[in-house]
Amino acid sequence: MTERNMGVLAEATETALIVPVPAAEAVVGPYRAILDDSAPLGVPAHVTVLSPFLPPERVTEQVLGDLRACLTAVPSFGCVFARVAWFGTQVVWLAPEPDAPFRALTGSVWHRFPECPPYGGAYPDAIPHLTVGTAHRAEPAAMRRAAVEVRARLPIRALVDRVRLIAGTGAPGSWGTVAEFALPSA
């Protein structure tokens, strides 16, 4: 781990594992900046693998090695975000197809770290998704408008070839990369 990455952990209060989706930034970035809780914190467009992950003080070289080992179970893959969906009226998101490899990534890490269930165990089925906006940050009309405008710019094609361990606090711009794990070639 580099000094910079250790610094990110030292200041952090929480960690998460994500699949960054840079191909989506041009389409969803402007909406996420206004509508998504995580964007102002410095979290890029992504599909969550596991959040929350371990407390920052528990992330060691051994944990990084364990993550590297369990993530090699899923080879890199392509996906398409072609559909806008909703969790009730609270969250507007993009659905990745296929979603099975994302589920496999989550399952592999959760199997190795059973004390870290997806979303703290709040949902019986952790549905892979890329959040565009949440009701915590936006009025329903703004979210509906974003959904229509984003839908018009789909599909987004992405190569998923890495998982990123990130850490931060609730402060704007506080989240950064601790480690990045390349997925094996398909």
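The largest cavity in this predicted model is lined by Thr 48, Val 49, Phe 102, Arg 103, Thr 106, Pro 118, Tyr 119, Ala 126, Ile 127 and Pro 128. Two elements, β2 (46-50) and α4 (100-112), each give two or more residues to that lining. The greatest contribution comes from α4, with 3 residues. Sorted by class, the lining consists of 7 nonpolar, 2 polar and 1 charged residues. The cavity holds about 70 Å³ of space, and a search of the whole structure finds 1 cavity of 30 Å³ or more.

Let me turn to helix α4. The helix has 13 residues and reaches 18 Å from its first C-alpha to its last, close to the 18 Å expected at 1.5 Å a residue. Its buried residues are Pro 101, Phe 102, Leu 105, Thr 106, Ser 108 and Val 109. Viewed down the axis of α4, these buried residues fall within an arc of 160°, so they line one face of the helix.

I come now to the aromatic residues. There are 4 aromatic pairs in the whole structure. In one of them, the ring centres of Phe 77 and Phe 102 are 5.1 Å apart and the planes stand at 85°, so the pair is edge-to-face. This pair links distant parts of the chain, since Phe 77 belongs to strand β3 (residues 77-87) and Phe 102 to helix α4, 25 residues apart. Phe 77 counts as buried at 9% relative accessibility, and Phe 102 is buried at 3%.

Another aromatic pair, Phe 87 and Trp 93, is stacked, at 4.6 Å centre to centre with 25° between the planes. Here Phe 87 is partly exposed, with a relative accessible area of 28%, whereas Trp 93 is buried, at 6%.

Key:
Residues are numbered from 1 along each chain as its sequence is written. This is a predicted model: local features need pLDDT of at least 70, side-chain atom pairs count only at pLDDT 80 or more; totals for chains, interfaces and linings use all residues. Side-chain values use heavy atoms; hydrogens and water are left out. On a 1 Å grid over the protein atoms alone, a cavity is a set of points where a 1.4 Å probe fits but cannot get out, and a pocket is an open set with protein on both sides within 12 Å along at least five of seven lines; lining residues have an atom within 4 Å of a point. Grid points are joined across faces, edges and corners, and a volume is the space filled by probe spheres set on the points. Helices (H or I, at least four residues) and strands (E, at least two) are DSSP runs, numbered from the N terminus. Ala, Val, Leu, Ile, Met, Phe, Trp, Tyr, Cys and Pro count as nonpolar, Asp, Glu, Lys and Arg as charged, and the others, Gly among them, as polar. The expected span of a helix is 1.5 Å times one less than its number of residues. Buried means under 20% relative accessible area, exposed over 50%, partly exposed in between (1.4 Å probe, protein chains only). The arc is that of the directions from the helix axis to the C-beta atoms. Rings of Phe, Tyr and Trp (its six-membered ring) pair if their centres lie within 6.5 Å; planes under 30 degrees apart count as stacked, over 60 as edge-to-face and the rest as tilted.
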